[in-house]
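The sequence and structure come first.

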Amino acid sequence: MAETLHNLVLGFSIALSPPILLYAFVGCVVGTLVGVLPGVGPLAGISLLLPATFGLDATRAIVMLAGIYYGAMYGGSTTSILMRIPGEAASVMTCIDGYAMARKGRAGAALAIAAVGSYVAGTASVVGLMLLAPPLALFALRFGPPEYFALLVLGLLVLAYMSSGSMLRALAMATLGLLLGMIGIDQMTGYFRYSYGVVELGDGIGVVPVAVGLFGLAEILATAGLPTPPQVLRPALRELLPTRQEWRDSAWPIARGTVLGFLIGIVPGSAHIISSFVSYGVERRLSKRPEEFGQGAVAGVAGPESANNSATSGAFVPMLALGVPSGPIPAVMLAAMMVHGVSPGPLLIREQPGLFWGFIASMYVGNLVLLILNLPLVGVFVNILRVPYPILYPSILAFCILGVYAVNGSVVDVWIMLLMGALGYLLRKLGFETAPIVLGVVLAPMIEMALRQSLAMSDGQYAIFLTRPISATLLGVGLVLITLGLKPLVTRSLDWRARLALAEKGDEQR
Amino acid sequence: MAGAALVALALVVLWESRALPLGSLRNPGPAYMPVALALALLGFGALLIVLGKGTPDVSSVGWTEWRHAVAIFGVCAFAALALERLGFRMTIALALAFLLRVVERKGAIFSLVLSIAFAAGAFLLFDTLLRVPLPRGALGL
């Protein structure tokens, strides 16, 4: 504990230095904008802004990108409450009661509760991250290729299980992502695979064009031709203070959302989306007045908003400690770290303590910046929403092209984005989730390397995955998930994923 | 439809993997993992065909925004072709002007001013201030 505190002091000495503070601040502001803008979620936002960090050192770049990530999570609630349009997917549940509160004239209170809940959850979950990541990293030092292979396979299985809709579809998408990740030079033999003479494909398909195509461009393709969004409700500043009763009603949902969000965040999957859904369900079940949910229940805003912000920090635990991203957003963060010469994993905390603890401390600072920044500036962010979408989307499209091109200075990446955009548009229309594709692309080289190294170690014996306790346990958990995923096929009933898919679909249609 | 497309893609990957050594269990070659994944995709695609009776059909999905989608797709393709030939500013200004004026039917002067201002502003911010190199094209634009 004393060592942790000592390291935290080191982290704060870095995070409170003026340049790092400035980049945390810039990241939070830009992230909030990204979260507020419909169609630009945290995934596309981080991908697009990655090139802007190329001129920075690793610590500043990562602090800024993390600021964008949790800033986007904060910002997403604004559009949900004022427009009933989720700025990013995790805010879907906030739409229901947040917008209902806004229509009752309690928009300011809903925004304040969302901001305070996000702050409390964000700060508390960083404590969890700080305490959990170092021992997990120490444990992971025992991992060899078979354990990593099992862990990565489990990660994909959990993502597929946690995805809304059918597990079969999610697994198909993850496999598609893994296949896309096979393009390029084989790391062990130097063979060019499926590159058809395109030299730029030698390094493989980058995660940035895939993420921007599937999430940014596909969203624009699907929404640009739709009727204009509904009117924005504008809160007055004097309405920002919730009543004593509203504070009382939100206290426990915030606490529960924080714990739930962090725990779900650690598990691979689209944690921030799932956590807000689970939190909403829990709050409705525990409420003495469940009939108020959907009509402007404070707990329906406080719980999900706390949960999705807490999950953001939780998702950093496996990424920083194991070097294994738990979802598409941590995957892009991992790629961003690698661009800056940082390799997250068990050795990061030991070899680069300044970066790790500076990053942790900057998250405390960032959460405070967001709380101070968001409430007074909510009017400014709302004004951005007043820009008509037919003017807004061409600008977002231009940023997509710019961001994707700038990563490698390659037009091939723009073409990849274009193809992924078309693919994402079609898949979205047909009800497929595209997040597993992004994770598959990132994990493909790691999984392949771990598999081939394991087989080389065992002289071609697949039993190596079952004879080593850690990998056997991890694969056993994966098997349980597959069995659970198959259950609705056998019983012909709707499980929680199907209900989540229906809820998301219903919200899109409203 | 989606299941059939996945099956077709898996078959293409299997066909294209012929040229790569498969290796052995003891020493997997460069085609080992792609072939294994293609076989898995084949299985998933087949299962989707068999079990996917309740999934939406292509014709039953609403495609009302298709004109916009095609125009945006075309603009992106133009940008990919023109970016290094015409330069960032010219390409983005032309792309934005087309989207605003032709697709969204905004006023000519508004479209022109916004397109040029956005292209010049983005170039100034990223290339000049943040030092992210952007293409200038043959004309240095």
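## An enclosed helix

Helix α3 (residues 42-49) of chain A is largely enclosed by the rest of the structure, because eight of its eight residues are buried. Those buried residues are A:Pro42, A:Leu43, A:Ala44, A:Gly45, A:Ile46, A:Ser47, A:Leu48 and A:Leu49. The elements of chain A that cover them include α2 (18-36), α4 (58-83), α9, α14 (328-339) and α18.

## Chain A overall

Chain A contains 23 helices and two strands. Of its 510 residues, 62% are buried. Taking contacts in chain A between residues at least 6 apart in sequence, 80% join residues at least 24 apart.

Two packed helices are described by the angle between their axes and the distance between the axes. Both quantities are given below for each pair.

Helix α18 (residues 389-408) of chain A packs on helix α19 (residues 411-429) of chain A at an angle of about 135°, and their axes are 7 Å apart. At that angle α18(A) is oblique to α19(A). The crossing of α18(A) and α19(A) is right-handed. On the α18(A) side, the residues that meet the partner are A:Cys400, A:Ile401, A:Val404, A:Tyr405, A:Val407 and A:Asn408. On the α19(A) side they are A:Val411, A:Asp413, A:Val414 and A:Met417. Sorted by class, the contact of α18(A) with α19(A) has eight nonpolar residues, one polar and one charged.

The second pair is helix α6 (residues 107-140) of chain A and helix α16 (residues 353-374) of chain A, whose axes come within 9 Å and cross at roughly 175°. That angle makes α6(A) roughly antiparallel to α16(A). From α6(A), the contact uses A:Ala115, A:Tyr119, A:Gly122, A:Thr123, A:Val126, A:Leu129 and A:Met130. From α16(A), it uses A:Ile360, A:Met363, A:Tyr364, A:Asn367, A:Leu370, A:Leu371 and A:Asn374. By class, the contact of α6(A) with α16(A) has ten nonpolar residues, four polar and no charged ones.

## The contact between chains A and B

Chain A gives 54 residues to the contact, and chain B gives 53 residues. On the side of chain A that touches chain B, the elements giving two or more residues are α8 (167-180), α9 (207-223), α18, α19 and α20 (435-457) of chain A. Which of these elements gives the largest share of that side? It is α18(A), with ten residues. By class, the side of chain A that touches chain B has 39 nonpolar, eight polar and seven charged residues.

## Confidence

The model scores ipTM 0.93 and pTM 0.80. For chain B, the mean pLDDT is 88, and 94% of the residues reach 70 or more. Where pLDDT is low, the predicted coordinates should not be read in detail.

Is A:Leu484 buried, partly exposed or exposed? A:Leu484 lies in helix α22 (residues 469-491) of chain A. It has 13 other C-beta atoms within 10 Å, and therefore counts as partly exposed. A:Leu484 and A:Gly181 are 303 residues apart along the chain, and their C-alpha atoms are separated by 28 Å.

Note on methods. Residues are numbered from 1 along each chain as its sequence is written. Chains are lettered from A and ligands numbered from 1 in the order in which they are written. This is a predicted model: local features need pLDDT of at least 70, side-chain atom pairs count only at pLDDT 80 or more; totals for chains, interfaces and linings use all residues. Helices (H or I, at least four residues) and strands (E, at least two) are DSSP runs, numbered from the N terminus. A residue is buried if 20 or more other C-beta atoms lie within 10 Å of its own, exposed if 12 or fewer, and partly exposed in between; C-beta atoms are placed from the backbone. Two residues are in contact if their C-beta atoms, placed from the backbone, lie within 7 Å. Axes are lines fitted to C-alpha atoms, for helices over the stretch in contact, and angles run from 0 to 180 degrees between N-to-C directions. Angles under 35 degrees count as roughly parallel, over 145 as roughly antiparallel, 65 to 115 as roughly perpendicular and the rest as oblique. A crossing is left-handed if the near helix is turned anticlockwise from the far one by less than a right angle, and right-handed if clockwise. Ala, Val, Leu, Ile, Met, Phe, Trp, Tyr, Cys and Pro count as nonpolar, Asp, Glu, Lys and Arg as charged, and the others, Gly among them, as polar. pLDDT is the predictor's confidence in each residue, from 0 to 100.
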